[in-house]
Amino acid sequence: RCSTKLESMGFRVGQGLIERFTKDTARFKDELDIMKFICKDFWTTVFKKQIDNLRTNHQGIYVLQDNKFRLLTQMSAGKQYLEHAPKYLAFTCGLIRGGLSNLGIKSIVTAEVSSMPACKL
Amino acid sequence: RGLRGLKEFPSPVQNSELFTLTYGALVTQLCKDYENDEDVNKQLDKMGYNIGVRLIEDFLARSNVGRCHDFRETADVIAKIAFKMYLGITPSITNWSPGGDEFSLILENNPLVDFVELPDNHSTLIYSNLLCGVLRGALEMVQMAVDVKFVQDTLKGDSVTEIRMKFIRRIEDNLPAGEE
């Protein structure tokens, strides 16, 4: 399925990107530190903005919310394209999963779009 | 919890690296999907074409260039404005044909191929073929039928990358070209 291919492409790119990023930086303190890095520096490099909201249950689940996800902003905000939105998110899920993987974190990343152009990962 | 008070990480990563990595992942995936280089080259050209027919609108809106009066002007706009805007490089224009309908773009460095090496079993792959499709598609939307191809490629050991562009004819009808 195309989403799987896109996700694996994103995974490879995410791994490569993180390598470039963390060549010279200090080790991260903990998992939350890593997630904040993803929300701030990583997201800014890729999407030119930060994640708008990060929530966690402190038990390994994190929700990243982007209210104006750049890959969705060019599409009409109504319901029309909602069913196609996941394809545009697949690559990004892979990107995050790849980045985390090279930082030593195994993860599963899924995305949800309930109203364009906002999304939650 | 807010995101204030995070320590700043200086970002060593440029946006161009994301672009290069993504393009590389795309070509790699296409090589897996298609069995031979020729098919990958065709796909890249087709994808480039589909991008080009839309990119031209973005280009015209952002650059504010008017209509080109001849192919020389077109060449200048492509090299000095378009390439600069989208790829951050300015190729030089050389090798004009006597009739003024063909020229070469010489790229000393090609951002698409940073960190890329072609493996031996893909010697006929035209890695950056997407660019040819983009140029072809974009120019078609401004009524020019052109032929675009790589004649030299640093990935294949040449000292520069050279793209040859040939004007074929003006497209007279106003029907927008469909997607391939």
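In chain A, three strands make an open sheet in the order E1-E2-E3, with antiparallel pairing; strands pair if DSSP finds at least two bridges between them. E1 and strand E3 (119–120) of chain A are at the edges with a single partner strand each, so one side of each has no neighbour in the sheet. Helices (H or I, at least four residues) and strands (E, at least two) are DSSP runs, numbered from the N terminus.

Before I go on, the model is predicted: local features need pLDDT of at least 70, side-chain atom pairs count only at pLDDT 80 or more, and totals for chains, interfaces and linings use all residues. Residues are numbered from 1 along each chain as its sequence is written, chains are lettered from A and ligands numbered from 1 in the order in which they are written, and side-chain values use heavy atoms, with hydrogens and water left out.

Back to chain A. Strand E1 (residues 53–56) and strand E2 (residues 62–66) run antiparallel and are joined by 4 bridges. A:Arg55 is opposite A:Val63, and A:Thr56 is opposite A:Tyr62. The two strands form a hairpin with 5 residues between them, and in the turn A:His58 has a positive phi of about 60 degrees. Helix H2 (residues 31–47) of chain A lies across E1 and E2 of that chain, at about 15 degrees to E2(A). Axes here are lines fitted to C-alpha atoms, for helices over the stretch in contact, and angles run from 0 to 180 degrees between N-to-C directions.

Now chain B, strands first. How many residues of strand E2 (residues 102–107) of chain B are buried? The count is 6 of 6, where buried means under 20% relative accessible area with a 1.4 Å probe, protein chains only. In a regular strand the side chains alternate between the two faces of the sheet. Here B:Glu102, B:Ser104 and B:Ile106 point one way from E2(B), while B:Phe103, B:Leu105 and B:Leu107 point the other way. E2(B) pairs antiparallel with strand E1 (residues 92–94) of chain B over 3 bridges, and B:Ser92 has B:Ile106 as its bridge partner. E2(B) also pairs antiparallel with strand E4 (residues 161–170) of chain B, over 6 bridges; there B:Ser104 is partnered by B:Arg164.

Next, the helices of chain B. The axes of helix H1 (residues 15–33) and helix H2 (residues 37–63) of chain B come within 9 Å and cross at roughly 135 degrees. That makes H1(B) oblique to H2(B), oblique being what remains once angles under 35 degrees count as roughly parallel, over 145 as roughly antiparallel and 65 to 115 as roughly perpendicular. The contact (heavy atoms within 4.5 Å) includes B:Tyr23 and B:Leu26 of H1(B), and B:Gln43 and B:Met47 of H2(B). By class it has 8 nonpolar, 1 polar and no charged residues; Ala, Val, Leu, Ile, Met, Phe, Trp, Tyr, Cys and Pro count as nonpolar, Asp, Glu, Lys and Arg as charged, and the others, Gly among them, as polar.

The second pair is H2(B) with helix H4 (residues 129–141) of chain B: their axes come within 6 Å and cross at roughly 40 degrees. That makes H2(B) oblique to H4(B). Their contact has 12 nonpolar, 6 polar and 3 charged residues.

Note on methods: Buried < 20%, exposed > 50% of the residue type's maximum accessible area, 1.4 Å probe, protein only.
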